[in-house]
Amino acid sequence: MSQAALKQALSKTVQGIQDNPVMSRVVFEAETALVEGVRCTGKVRNFAPIVVDEPPELGGQDKGANPVELLLVALGSCQEIMYAAMAAMMGIKLDEVKVNLKGSLDLKGLFGMDPAIPPGYQKISFETFLKSSAPEEELRKLIEAVETHCPVLDTLVRPIEVTGKVTINGAAVMVPA
């Protein structure tokens with residue numbers, strides 16, 4: 001999609017929300033299923049299933065990225081999408097956007113070997129590489145817009161409500177928070 005077409009699509013959505021504010025509330029859904037061993041599939045909308053697996057040292061067959069790697073991909077791709085969208089809205093031409101990410105995780109937390117260590121990432125870092133002939137001042141405004149409006153980054157840095165339940169043989173069981 002060209003930058004002009006992207007701007008037109010986004011402007012139409014913004015106008016739709018301005019005309020009907022209820023339009024701003026959306027729900028995204030996904031469905032996952034354990035297939036074999038620790039390999040799972042994930043389904044989103046009408047796309048082909050995503051294969052999720054672990055490397056052999058974590059009991060998998062290495063048939064796909066693992067969930068914590070997918071979290072990094074979600075953050076990086078969300079940043080890239082936001083750069084494309086915001087640049088289109090601001091009239092900034094981008095020649096390239098690339099994000100390198102690293103997540104530090106201590107497996108002692110995952111395996112319950114040390115209650116002081118959380119099972120998830122202790123740190124996520126990313127570096128974004130932009131190529132553009134736009135003036136640095138415009139690019140700084142773009143960076144600010146992306147960093148303050150990226151949904152995945154916001155979700156990772158802001159505490160949010162997460163609820164769940166488990167159904168065992170047809171009976172719902174509450175999940176501890």
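A residue counts as buried when its relative accessible area is under 20%, as exposed when that area is over 50%, and as partly exposed in between (1.4 Å probe, protein chains only). Keep that in mind as we walk through this predicted model, where local features need pLDDT of at least 70, side-chain atom pairs count only at pLDDT 80 or more, and totals for chains, interfaces and linings use all residues. Residues are numbered from 1 along each chain as its sequence is written, and side-chain values use heavy atoms, with hydrogens and water left out.

**Stop 1: Gln 79**

Select Gln 79, which sits in helix 2 (residues 67-90). Helices here are DSSP runs of H or I with at least four residues, strands are runs of E with at least two, and both are numbered from the N terminus. Is Gln 79 buried or exposed? With a relative accessible area of 0%, Gln 79 is buried. Now show what surrounds this residue: beyond neighbours within four places in sequence, Gln 79 is in contact with Val 99, Phe 126, Thr 128, Val 146, Glu 147, Cys 150 and Leu 153. Contact means heavy atoms within 4.5 Å.

**Stop 2: helix 2 against helix 4**

Next, colour helix 2 and helix 4 (residues 136-149). Two packed helices are described by the angle between their axes and the distance between the axes. For this pair, the angle is about 130° and the axes are 9 Å apart. That angle makes helix 2 oblique to helix 4. Axes are lines fitted to C-alpha atoms, for helices over the stretch in contact, and angles run from 0 to 180 degrees between N-to-C directions. Angles under 35 degrees count as roughly parallel, over 145 as roughly antiparallel, 65 to 115 as roughly perpendicular, and the rest as oblique.

To see the contact, pick residues including Gln 79, Met 82 and Met 86 of helix 2, and Leu 142 and Val 146 of helix 4. The residues of this contact divide into 9 nonpolar, 2 polar and 3 charged. Ala, Val, Leu, Ile, Met, Phe, Trp, Tyr, Cys and Pro count as nonpolar, Asp, Glu, Lys and Arg as charged, and the others, Gly among them, as polar.

**Stop 3: the nonpolar core**

Stay here and select Met 82, Met 86, Ile 92, Leu 139, Leu 142, Val 146 and Cys 150, the residues with the most contacts inside the largest nonpolar core, which has 14 residues. Such a core is a set of buried Ala, Val, Leu, Ile, Met, Phe, Trp, Tyr and Cys residues joined through side-chain atoms within 4.5 Å. Helix 2 gives the most to this core, with 6 residues.

**Stop 4**

**Stop 5: a loop and a strand**

Move to Val 44, in the loop between strand 2 (39-43) and strand 3 (50-52). Val 44 is partly exposed, at 30% relative accessible area. Arg 45 is found in that loop between strand 2 and strand 3 too, and counts as exposed at 68% relative accessibility. Most residues other than glycine have a negative phi.

Finish at Ala 172 in strand 7 (residues 171-174), which is exposed at 56% relative accessibility.
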